[in-house]
Amino acid sequence: MDINATIIGQSIAFAVFVWFCMKFVWPPIINAIEERQKKIADGLNAGERAQKDLEKAQEDIAEQLKEAKQQAAEIIEQAKKRGAKIVEDETQRGHEEREKIVASGHEEVEAERHRAREELRKQVAVLAVTGAQKIIEREIDENAHRDIVEKLVAEL
Amino acid sequence: MVSGEQTPTQYIQHHLQNWTVGEGFWAVNVDTIFWSVLLGVLFLWSFRRVAKKSSAGVPGKWQCFVEMVVEFVDNSVKESFHGKDKLIAPLALTIFVWIFLMNLMDLVPVDWLPTAAMYTGYWLGFVNDPHDVYFKVVPTTDLNTTFALSLSVFALIIIYSIKYKGIKGFAKEMTFTPFNHWALVPVNFVLESITLLAKPASLALRLFGNLYAGELIFILIAMIGLFQLPAHFAWAVFHILVIVLQAFIFMMLTIVYLSMASSEH
């Protein structure tokens, strides 16, 4: 209970402990704590930034997607239009072709018929003349009545 | 646990007696020195282990605990002490942890270590009667320890006062406050001296008183027979608060006193 030399020993011990703590214990620990605090703060900042970047990227993506969709729709629309036009053109051409073919066919048929008629007419004329000849042979001279026959042929 | 041949008074007195070597003022309380130095070394060793490995990486469990304590002390210092000082924070940490550990010895059942010491001493042949061995395990129930701490702080208060205000400023503070008149210089000096001296005295006596009383109650509880178990438990639980609180108060007041010493009025 009395105050004695212990107080001196305790004071020295205290002083040594404080000195040791100040020299070897406190600085490394507090430095580590502060460094870690800084690291954590940086990490949180980085995280926040990354979040923002991500949001922005997502927005960009959405926008680009929208644009791409729009372009695709446009392209499809154009393609459809072009397809329709090609079909129409082809149809038109087909019609024309058919018309042409039909027309040429008609013409050919007409020409053929004409030729056949001419032929027929000639042959009929020859036949008529031949018949008439045969009928008249006995009484009429061919040369004397050729003009009448000609007239007949022309009337056919 | 009263031994057969001891009266309660003898039992209590035995428990409150230091193991003292030497005579008069130059006597040394070996038990006080032993436990306080052991605990101080334990504190520094365990904290130094963390300090050596400390990095900003992922901390281990013990490192987490140590850093918690360090940060707690650091915040307390930053709240009260404005300005840069390399000494205050480690000083506060040492005071807080060391006093806490010394107080913590109070929770070791009061008979264990003294009884062990008694029979160790007897068997080793230092004494003829085991009861001649005195062994107090709570260094803070020794006035020498608490005054050693508070007088060291007192010395720092004076050093800081002179360092930050100069000898002139310190002298002026001692003589011209609280009454700023030359005729009242003696009155001021008496008042300021009392204020100054009250600081270490109150620091030491508060810590000593709390722990001494707590220790005494543990001793009294130890004498009541079987009912000491729940009573001891209840008092120990309550005492946990006292232990931490006294360590904290000592640390906090040290910081506040040094902060006052280093700031102008």
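Visitor: What should I keep in mind about the model and its numbering?
Guide: The model is predicted, so local features need pLDDT of at least 70 and side-chain atom pairs count only at pLDDT 80 or more, while totals for chains, interfaces and linings use all residues. Residues are numbered from 1 along each chain as its sequence is written, and chains are lettered from A and ligands numbered from 1 in the order in which they are written.

Visitor: How many helices and strands does chain B have?
Guide: Chain B has 8 helices and 2 strands, in the order α-β-β-α-α-α-α-α-α-α from the N terminus; here helices (H or I, at least four residues) and strands (E, at least two) are DSSP runs, numbered from the N terminus.

Visitor: And what box do the C-alpha atoms of chain B fill?
Guide: Taken along the principal axes, the box is roughly 65 × 55 × 35 Å. Of the 265 residues in chain B, 34% are buried, a residue being buried if 20 or more other C-beta atoms, placed from the backbone, lie within 10 Å of its own.

Visitor: Which residues of chain B does UniProt list as "transmembrane region"?
Guide: The unreviewed UniProt entry lists residues 25-45, 87-105, 143-162, 207-227 and 233-258 of chain B; such positions are given in the numbering used here, feature names are shortened, and annotations may be inferred rather than shown by experiment. In the model, residues 143-162 of chain B are 100% helix, with end C-alpha atoms 28 Å apart, whereas residues 207-227 of chain B are 71% helix and 0% strand, with end C-alpha atoms 29 Å apart.

Visitor: What about chain A, which residues does that annotation cover there?
Guide: In chain A the annotation, also from an unreviewed UniProt entry, covers residues 6-26, and that span is 100% helix with its end C-alpha atoms 27 Å apart.

Visitor: How many residues of chain A are in contact with chain B?
Guide: There are 28 residues of chain A in contact with 40 residues of chain B, where contact requires C-beta atoms, placed from the backbone, within 7 Å. The chain A side has 20 nonpolar, 5 polar and 3 charged residues, counting Ala, Val, Leu, Ile, Met, Phe, Trp, Tyr, Cys and Pro as nonpolar, Asp, Glu, Lys and Arg as charged, and the others, Gly among them, as polar.

Visitor: Back to chain B: how do α6(B) and α7(B) run relative to each other?
Guide: The axes of α6 (residues 143-176) and α7 (residues 185-221) of chain B come within 8 Å and cross at roughly 155°, and the two helices are therefore roughly antiparallel (an angle over 145 degrees). Axes here are lines fitted to C-alpha atoms over the stretch in contact, with angles from 0 to 180 degrees between N-to-C directions. The residues of this contact divide into 16 nonpolar, 4 polar and 3 charged.

Terms used:
Two residues are in contact if their C-beta atoms, placed from the backbone, lie within 7 Å. Angles under 35 degrees count as roughly parallel, over 145 as roughly antiparallel, 65 to 115 as roughly perpendicular and the rest as oblique. A residue is buried if 20 or more other C-beta atoms lie within 10 Å of its own, exposed if 12 or fewer, and partly exposed in between; C-beta atoms are placed from the backbone.
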